[in-house]
Amino acid sequence: MRQIINYKQYDEERALYNLKNADIINCIFAGEADGESVLKEARDVNVKNCSFSLRYPLWHVRKFSLEDVTMDELTRAAIWYSSDAEIINSVLGGIKAVRECNNISISGCKINSQEFGWKSQKITLKDTEIISEYLFMDSKDVILDNVKMSGKYSFQYMENLEISNSVLDTKDAFWHSKNVIVKDSVVKGEYLGWFSEGLTLVNCKITGTQPLCYCKNLKLINCTMENTDLAFEYSEVEAEINGYIQSIKNPKSGTIIVDSLGEEIWDEPVMECTGQIILRGVLDIPETVKMECAV
């Protein structure tokens, strides 16, 4: 039989430690005792309509759900080393909210958490707004759908990431990442995707200076690029771009198809560069400019 805990307040250390098979409803985790780890090592628990203002509440928890839950900025490092969870219509406001977790589904949430989602796997964000300076560092098997995010150094050292129907306001995103696909999204930011491997952007709008340099196996399909200069330096790239690019510099290899280009630059390369640019629609005959630059 499941235990029902309703309309209680807890503030002591490990208040519900190792709790099993329980529904926690309309409870408050806050108070003068300022106790940590209130639900540490819990198993098969559902938390609904509760508020948290204590540190480390959900560490080493297995099979749990959070629905209509609020965690304020004092709820630091809320969910660590935990797995098999669903988080719905909740507010996560503390720093480092999710770390080293597995199989976590998050939907309809608002998140403001620096260093969110580090070293985790099988994480899904859907219909969610998130602010995080360092988002999903060194994680893998992550899916974002209809996510609005604001941050800086996002998705670095990641592997197997899928993003769709999202708006990403970031910089230095996807650095050293592997096997990333971004579809039908807006990507704003500086220095996008440097040192990535297997990054694919489909039907995306990309803005910001010096994008997509030092990339391996980079693909752009039906994308637009605005206010993008010095793009593709030393990258292995196959790109199909609609509209205008300010400048392209020293692409290492591959083909870049674009409607118009402000400037092509091959200046003081440190490696052999044989990238090819194809300009569409010049006298109805594509004009090919092959960039060959040797050290």
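**Figure 1. Arginine 43 and its salt bridge with glutamate 41.** With a relative accessibility of 26%, arginine 43 counts as partly exposed. Here, buried means under 20% relative accessible area, exposed means over 50%, and partly exposed lies in between, computed with a 1.4 Å probe on protein chains only. The closest N and O atoms of glutamate 41 and arginine 43 are 3.1 Å apart. The term salt bridge denotes a side-chain nitrogen of Lys or Arg within 4 Å of a carboxyl oxygen of Asp or Glu. The structure holds 13 salt bridges. This is a predicted model, in which local features need pLDDT of at least 70 and side-chain atom pairs count only at pLDDT 80 or more, while totals for chains, interfaces and linings use all residues. Residues are numbered from 1 along each chain as its sequence is written, and side-chain values use heavy atoms, with hydrogens and water left out.

**Figure 2. The salt bridge between arginine 2 and aspartate 23.** The N to O distance between these two side chains is 3.0 Å. Arginine 2 belongs to the segment before strand E1 (3-6), whereas aspartate 23 belongs to strand E3 (residues 20-25), so the pair ties together parts that are 21 residues apart in sequence. Helices (H or I, at least four residues) and strands (E, at least two) are DSSP runs, numbered from the N terminus. Arginine 2 is partly exposed, at 30% relative accessible area; aspartate 23 is buried, at 17%. A network of salt bridges links Arg2, Asp23 and Asp44.

**Figure 3. Strand pairing among E1, E3 and E5.** Strands pair if DSSP finds at least two bridges between them. E1 and E3 are paired in the parallel sense over four bridges, and asparagine 6 stands opposite isoleucine 25 in E3. On to the next pair, E3 is joined to strand E5 (residues 43-48) by five bridges, and these strands also run parallel. Alanine 22 has valine 45 in E5 as its bridge partner.

**Figure 4. The salt bridge between lysine 252 and glutamate 236.** The closest N and O atoms of this pair are 3.7 Å apart. Lysine 252 lies in the loop between strand E26 (244-249) and strand E27 (253-258), and glutamate 236 lies in strand E25 (residues 236-242); the pair thus links distant parts of the chain, 16 residues apart. Lysine 252 is partly exposed, with 30% relative accessibility. Glutamate 236 is also partly exposed, with 27% relative accessibility.

**Figure 5. An open sheet of three strands, in the order E7-E10-E13.** The pairing in this sheet is parallel. Strand E7 (58-59) and strand E13 (98-99) stand at the edges with a single partner strand each, so one side of each has no neighbour in the sheet. Strand E10 (residues 79-80) is joined to E13 by two bridges. Isoleucine 79 has valine 98 in E13 as its bridge partner.

**Figure 6. Strand E22 and its pairing with E20 and E24.** Five of the six residues of strand E22 (residues 197-202) are buried, so the strand is largely enclosed by the rest of the structure. Strand E20 (residues 178-183) is joined to E22 by five bridges, and the two run parallel; valine 182 stands opposite leucine 201 in E22. E22 also pairs with strand E24 (residues 218-226), in the parallel sense and over three bridges. Valine 202 has isoleucine 221 in E24 as its bridge partner.

**Figure 7. Positive phi angles at asparagine 203 and tyrosine 214.** Asparagine 203 is a residue other than glycine, yet its phi is positive, near 55 degrees. This residue sits in the loop between E22 and strand E23 (205-207), and at 34% relative accessibility it counts as partly exposed. Tyrosine 214, likewise not a glycine, has a positive phi of about 60 degrees. Tyrosine 214 is found in the loop between E23 and E24 and is partly exposed, with a relative accessible area of 31%.

**Figure 8. Phenylalanine 29 in the largest nonpolar core.** A nonpolar core is a set of buried Ala, Val, Leu, Ile, Met, Phe, Trp, Tyr and Cys residues joined through side-chain atoms within 4.5 Å. The largest one has 78 residues, of which Phe29, Leu39, Phe116, Phe155, Leu201, Leu220 and Phe232 touch the most other members. Leaving aside neighbours within four places in sequence, phenylalanine 29 is in contact with residues including Tyr10, Leu16, Ile24, Val38, Leu39 and Phe52, where contact means heavy atoms within 4.5 Å.
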